[in-house]
Amino acid sequence: MSLAFDEYGRPFIIIREQEKKSRVKGIEAVKSNIQAAKAVSRVLRTSLGPKGMDKMLQGPDGDIVITNDGATILEQMEVENQIGKLLVELSKSQDHEIGDGTTGVTVMAGALLEQAETLLDRGIHPLRIAEGYEMACKVALKRLDEIAATFEHDADNNEELVKTCMTTLSSKIVGRHKRELAEMCVKAVLAVADLERKDVNLDLIKLDGKVGGRLEDTALVNGIVLDKDMSHPQAGVELTSHMHITAKEESAATGAGMPKHLQDVKMAILTCPFEPPKPKTKHKASRGWGVDISSVEQFESLRKQEQEYFRNMVQLCKDSGATLVVCQWGFDDEANHLLMHNDLPAVRWVGGVELELLALATGARIVPRFQELNSAKLGYAKSVKEISFGTTRDRMLLIEGMPNSRAVTIFVRGGNKMMIDETKRSLHDALCVARNLVRDNRIVYGGGAAEMSCSLAVEAAADQVPGVEQYAMRAFADALDIIPLSLAENSGLPPIESLTEVKTRQMREGNPYLGIDCNDAGTNDMRQQNVFETLMGKKQQLMLATQVCKMILKVTHFGWIDDVIKPSEYE
């Protein structure tokens, strides 16, 4: 290691293998960063649209994920380049704020950077490019407001919400059942929505799933589903496609063991175990530290004391009026036996998060000690039933009719874990779209129609700008075309011919609703194809993509990351 000085007199340290590294500065460093962002963006281009391809990713522990959700793909990818990580954060921002459009925003950012690279080659300053992009983005956002349509909806008329959710689901693996799943998502959102305040709490919608069955067996439950069963074994109620119980199944649930279907339930939620204190048997009783058992009589006395301890715990629960006990900890076999014989059904090993959700929904107070349990701390649920699945008889609890919560659960079925996970991700996107429409009921038309209309508006506005920024604005317009271009390419259509034809028709007819006919429906009018996107989501895409490009262009210019030392290639 030795000290040296660069051409500006700044000291730097020469370390081992320094001769194997090369140094990139200025515009070349900017271009290298743009190359990294383009590489990440191009990975997602083939996943865009209803005919987009899924990606299969293998984690470090061997787990396989198959998805076409942009945020999930980028999250699972091991991106080491710092600029590539910016695009990963970009998709996360879109996912957290809007919930949908994560692939489109990354593809758009990559296209903007690709156009910026061409402008850099022409000698245009990075700051002027960033300013031109900002001007173009304002024009595009204004154009989106002009072409947006308003959907009036309420609890009884929600067809437009369903159609918008269907557009989101059409590009997912569950697209063949998009109508049924879209209706389910809209019902779930309207069940928890406050339409007066235009607010939706998605935390009240739980997505759960179980391997087995078909996708068609996915059901909307007006309550909470717990992946638990009653602590005493007995055959539960068989799950039907709509979670209804037949008379035959009702009679089967009244056999030996704890009942599996309860009505008008008074629920006690405990965080104390149904077990006696553990005696310390490793120390001598003469020192007062533990229990020393040296005869059968002493053991019998200890067993009777434990039995009495269990009876007191069960009796305290019975005296409070509880008809169901939900415990965070496990039950001793003795306690389980006594609970069953005292007709007190119980559930054990329920997690802390689920306990809190149950307490909020049923109005119960979480009780840390048996002595504090009383009738005022019990919660209420109209129905609690145990349901079972398939030949393996996996069991879950279905809790409905809770007074303090409008919580709902979408219960997903599928042939394997990957299918269930991808269905959950797809339904989450559709739920977010429905939520966004409740917040702001304006929509734009998909299929690349909005992007082409914005592109034409930006090109026209660029003619009125006298400075160098007009080149950046035209580059922004060209970047907007990447969305319809990718849609056509992924659908097996000739991309350039399809884009040129539709864009020419938009200009000639003045119709901003013409897009790429990805589904080969015979018309380019997206109103007839019912392809909608939320205005909020589309505007957020453009703003986020523009901001991240400005960041890369401006930060690299000011010298934070425009001086890159990287390993040189071996001869």
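Where is glutamine 541 found? Glutamine 541 sits in helix 18, a helix that spans residues 535-557. Before following that residue further, here is some background on the model.

This is a predicted model, in which local features need pLDDT of at least 70 and side-chain atom pairs count only at pLDDT 80 or more, while totals for chains, interfaces and linings use all residues. Residues are numbered from 1 along each chain as its sequence is written, and side-chain values use heavy atoms, with hydrogens and water left out.

**The chain as a whole**

The secondary structure comes to 18 helices and 22 strands. These elements are DSSP runs numbered from the N terminus, with helices (H or I) of at least four residues and strands (E) of at least two. Of the 571 residues in the chain, 50% are buried. Here buried means under 20% relative accessible area, exposed means over 50%, and partly exposed lies in between, using a 1.4 Å probe and protein chains only. Among the contacts with a separation of 6 or more, 73% are between residues 24 or more positions apart; a contact means heavy atoms within 4.5 Å.

**Helix 4 and its two neighbours**

Helix 4 covers residues 102-121. Its 20 residues reach 30 Å from the first C-alpha to the last, close to the 28 Å expected at 1.5 Å a residue. That expected span is 1.5 Å times one less than the number of residues. Helix 4 is mostly covered, with 16 of its 20 residues buried. Glycine 123 follows the helix, and its phi is positive, near 90°.

Helix 4 packs against helix 3 (residues 82-97) at an angle of about 140°, with the axes 9 Å apart. Axes are lines fitted to C-alpha atoms, for helices over the stretch in contact, and angles run from 0 to 180 degrees between N-to-C directions. Helix 3 and helix 4 are therefore oblique to each other. For the cut-offs, angles under 35 degrees count as roughly parallel, over 145 as roughly antiparallel, 65 to 115 as roughly perpendicular, and the rest as oblique. Helix 3 passes helix 4 in a right-handed crossing, where right-handed means that the near helix is turned clockwise from the far one by less than a right angle, and left-handed anticlockwise. On the helix 3 side the contact involves Leu87, Leu90, Ser91, Gln94 and Asp95, and helix 4 contributes Thr102, Val105, Thr106 and Ala109. By class, this contact has four nonpolar, four polar and one charged residue. Ala, Val, Leu, Ile, Met, Phe, Trp, Tyr, Cys and Pro count as nonpolar, Asp, Glu, Lys and Arg as charged, and the others, Gly among them, as polar.

Helix 5 (residues 126-147) packs with helix 4 at about 140°, with the axes 10 Å apart. That makes helix 4 oblique to helix 5. The crossing of helix 4 past helix 5 is right-handed. Leu112, Gln115, Ala116, Leu119 and Leu120 of helix 4 meet Pro126, Ile129 and Tyr133 of helix 5. This contact holds seven nonpolar residues, one polar and no charged ones.

Helix 5 has 22 residues and reaches 32 Å between its first and last C-alpha, close to the 32 Å expected at 1.5 Å a residue. Its buried residues include Pro126, Ile129 and Tyr133.

Leaving out residues up to four places away in sequence, glutamine 541 touches Gln94, Gly101, Gly104, Val105 and Glu451. Gln94 and Val105 also belong to the contact between helix 3 and helix 4.

Lysine 550 is in helix 18 too.

Arginine 143 lies in helix 5. Its neighbours, not counting residues up to four places away in sequence, are Ser453, Cys454, Ala457 and Pro512. The C-alpha atoms of arginine 143 and glutamate 451, 308 residues apart along the chain, are separated by 9.8 Å.

**Accessibility of selected residues**

| Residue | Relative accessible area | Class |
|---|---|---|
| Lysine 550 | 21% | partly exposed |
| Arginine 143 | 25% | partly exposed |
| Lysine 198 | 45% | partly exposed |
| Aspartate 343 | 62% | exposed |

**Two positive phi values**

Most residues other than glycine have a negative phi. Lysine 198 has a positive phi of about 55° although it is not a glycine, and is found in the loop between strand 7 (193-194) and strand 8 (199-200). Aspartate 343 also has a positive phi, near 55°, and lies in the loop between helix 10 (333-341) and strand 15 (346-347).
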